[in-house]
Amino acid sequence: MSLYKYASPAAFYPLAGKLIPWFAGLATIFGIIGVYLGPFAAPTDYQQGEVYRILFIHVPAASIGMFIYVVMAIYGVLALTFNTRLSAMMMEALAPTGAIFTGLALWTGSMWGKPTWGTYWVWDARVTSTLILLFLYIGYMALVNAIEDKKRADKAGALLVIVGSVNIPIIHYSVTWWNTLHQGASVTVTAAPKMASVMLTPMLSIGIACWLYAIAISLVRVRAIILEREHGRNAAWVTAEFATTKGVAAS
Amino acid sequence: MKARHRRFMWIALGLCVIGVAMTLVLRAFNSNMVFFFTPSQVFEKKAPMDRTFRIGGLVTAGSVKRQTDGLTVTFEVTDTAKTIPVTYTGILPDLFKEGKGVVAQGKIGSDGVFRAAEVLAKHDENYMPPEAAAALKAAGKPIDGAMFAGQKAVTTQAPKSN
C-alpha cells in the first residue's frame, strides 16, 4: 500500500507541510462562525443565565483533551508493535496540545463551578479523573524528556500512555457510574441532545475548530521533531533541507 | 509468528490484564467513589452516620424557610422516596432553588436533622432558552428527569409554581 510510505519521517515531513495550511484555515473559519454564534448570538439559558456560555469552550476542550489521549495510545501501540519512529514522534507532538486542552477544561470548569455549584473545586469522580488525565500528560512529557536515549524514551513513554488509557473510559462513564456533582452528558451518541440547537450548533462549530487547530499545531510540532531527530541521525535530506533557505523558513 | 505479532499480542494481553485489574479495583472502591448519598441511602444507614458526609437530592418545593437571623436557612432534601430536613447557616449558591438539585455536606444529628457546613447546587445537563423552558413547563413535561442518573432513576415532578 502506498499509504505506508508516509510512515517514513522523510516522506511525512513534506506531506504535513502541505496539510497544515488547510487545517489551520478551516479551523479559523469554523472558529469565527462558532465564536459569533455561541458567545454572542445564542440566547441565555433558562436556568444559568449567561454563565452557561462557558460550555462553548469547556466542552470542546474536555472532549479533545480526552480524544488526543486516545490517539496517543493508538500511536503508542503502533510504536511498540512496529517500531515505527514516526508514531513516537506523533505522540510527542500531540502531548502538549492534549495537556493544554485538558488544563483548559479544568480551568474553565472551575470558573463555571463557582457561580453555578458554589465552589471552584470538588473531588467528585469526573473532576478528579480529569485531573489524573492532566497528570498523565505531564508525566508522559516529563518521562520522555528525562531519558537521554531516544529509543528507550519512546518505549517508556508509549508504555505509560497505553497503561494510562484505562483512565479514559473512567472519565467518560464517571457521571453514570457514580454520584457526582458534575451533571451527566448533554450530547450522547444514543439519545437526542439535551441542548437547544441554537446552543448545540455553535458548540459543535467551536469543537470542530479546536479539532482542526489541534491537528494543525501537532503537524507543525511533528515537523520540528522530525527535523531535530533526523538531523541527529545525520539523514541526508535533513541536511539538504537545512541548506536551502526555503526549508528553514518553512520549518 | 513474526516478532511484531508477538509484541502486539503482549500489548493486547497487558491491556486486558490492566483492564480487568482496574475493573476489580473500581468495583471494590465503588462505595467510596460516591460523592453524595441519597436520602433513601441515609435511611438505609448506608451513609457514615457518625461522620461528615454529603447528601444529595432535590430541594422540596415550599420547604425553604429563612430564620429570623437572616442567614440560617432550613429546607428539605428529597429523592421523592425519602426526605431529610437540613439546616444551614451561610450564603447559598445562585442556582439553589426549590425543586432543583442540591448537594449538602455536614453531619446528621440525633434528631434526624442534617446540619450542613457547605451547600452546593447541582444543575442538570439541559440547556435551552427561557422561552423553551416555559413552553415545556406549560406542557407539563419534566425538564430535569435524569439528574441523579448515577443512582437508581429518580423521576421528578415538574416544580410546582408558587
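1. Burial in chain A. Of the 251 residues of chain A, 43% count as buried. This is a predicted model, and the points below should be read with that in mind. The C-alpha atoms of chain A fill a box of roughly 65 × 35 × 35 Å along the principal axes.

2. Make-up of chain A. Chain A has nine helices and zero strands. In chain A, 76% of them join residues 24 or more positions apart.

3. The largest nonpolar core. This core holds 64 residues. M72(A), M90(A), M91(A) and L212(A) touch the most other members. At least two residues each come from α1 (9-41), α2 (55-82), α3, α4 (125-146), α5 (150-164), α6 (167-177) and α7 of chain A. The biggest giver is α2(A), with 15 residues. As a general point, nonpolar side chains tend to be buried together in soluble globular proteins.

4. M91(A) up close. Leave out residues up to four places away in sequence. M91(A) then touches M72(A), Y75(A), G76(A) and A79(A), and also G157(A), A158(A) and V161(A). M72(A) is, like M91(A), among the core residues that touch the most other members.

5. A second core. A separate core of 32 residues includes W178(A) and L181(A) from chain A, and I55(B) and V86(B) from chain B.

6. Helices α3(A) and α7(A). Helix α3 (residues 85-116) and helix α7 (residues 197-232) of chain A have axes that come within 8 Å. They cross at roughly 135 degrees. The two helices are therefore oblique to each other. Angles over 145 count as roughly antiparallel. The crossing of α3(A) past α7(A) is right-handed. On the α3(A) side, the contact uses M89(A), M90(A), E92(A), A93(A), L94(A) and T97(A). On the α7(A) side, it uses A214(A), I217(A), S218(A), R221(A), V222(A), I225(A), I226(A) and R229(A). By class, that gives nine nonpolar, two polar and three charged residues. M90(A) in this contact is also one of the core residues named in point 3.

7. Helices α4(A) and α6(A). How do the directions of these two helices compare? Their axes come within 8 Å and cross at roughly 160 degrees. They are therefore roughly antiparallel. The crossing is left-handed. From α4(A), the residues are A125(A), R126(A), S129(A), T130(A), I132(A), L133(A) and L136(A). They meet N167(A), I170(A), I171(A), S174(A) and V175(A) of α6(A). The contact divides into seven nonpolar, four polar and one charged residue.

8. Make-up of chain B. There are three helices and six strands in chain B. From the N terminus on, the order is α-α-β-β-β-β-β-β-α. Chain B has 162 residues, and 31% of them count as buried. Among contacts in chain B with a separation of 6 or more, 44% join residues 24 or more positions apart.

9. A backbone point in chain A. N83(A) is not a glycine, yet has a positive phi of about 55 degrees. N83(A) lies in the loop between α2 and α3 of chain A. Is N83(A) buried, partly exposed or exposed? N83(A) has 15 other C-beta atoms within 10 Å, so it counts as partly exposed. The cut-off for buried is 20 or more.

10. A backbone point in chain B. K45(B) also has a positive phi, about 60 degrees, although it is not a glycine. K45(B) sits in the loop between α2 (39-43) and β1 (53-59) of chain B. K45(B) has 8 C-beta neighbours inside 10 Å and therefore counts as exposed. The cut-off for exposed is 12 or fewer.

Notes:
Residues numbered from 1 in each chain as written. Chains lettered and ligands numbered in written order. Predicted model: local features only at pLDDT ≥ 70, side-chain atom pairs only at ≥ 80, totals over all residues. Axes fitted to C-alpha atoms, helices over the stretch in contact; angles between N-to-C directions. Helix = DSSP H or I, 4+ residues; strand = E, 2+ residues; numbered from the N terminus. Parallel < 35°, antiparallel > 145°, perpendicular 65-115°, else oblique. Left-handed = near helix turned anticlockwise from the far one by under 90°. Contact = placed C-beta atoms within 7 Å. Nonpolar A, V, L, I, M, F, W, Y, C, P; charged D, E, K, R; others polar. Core = buried A, V, L, I, M, F, W, Y, C linked by C-beta atoms within 7 Å.
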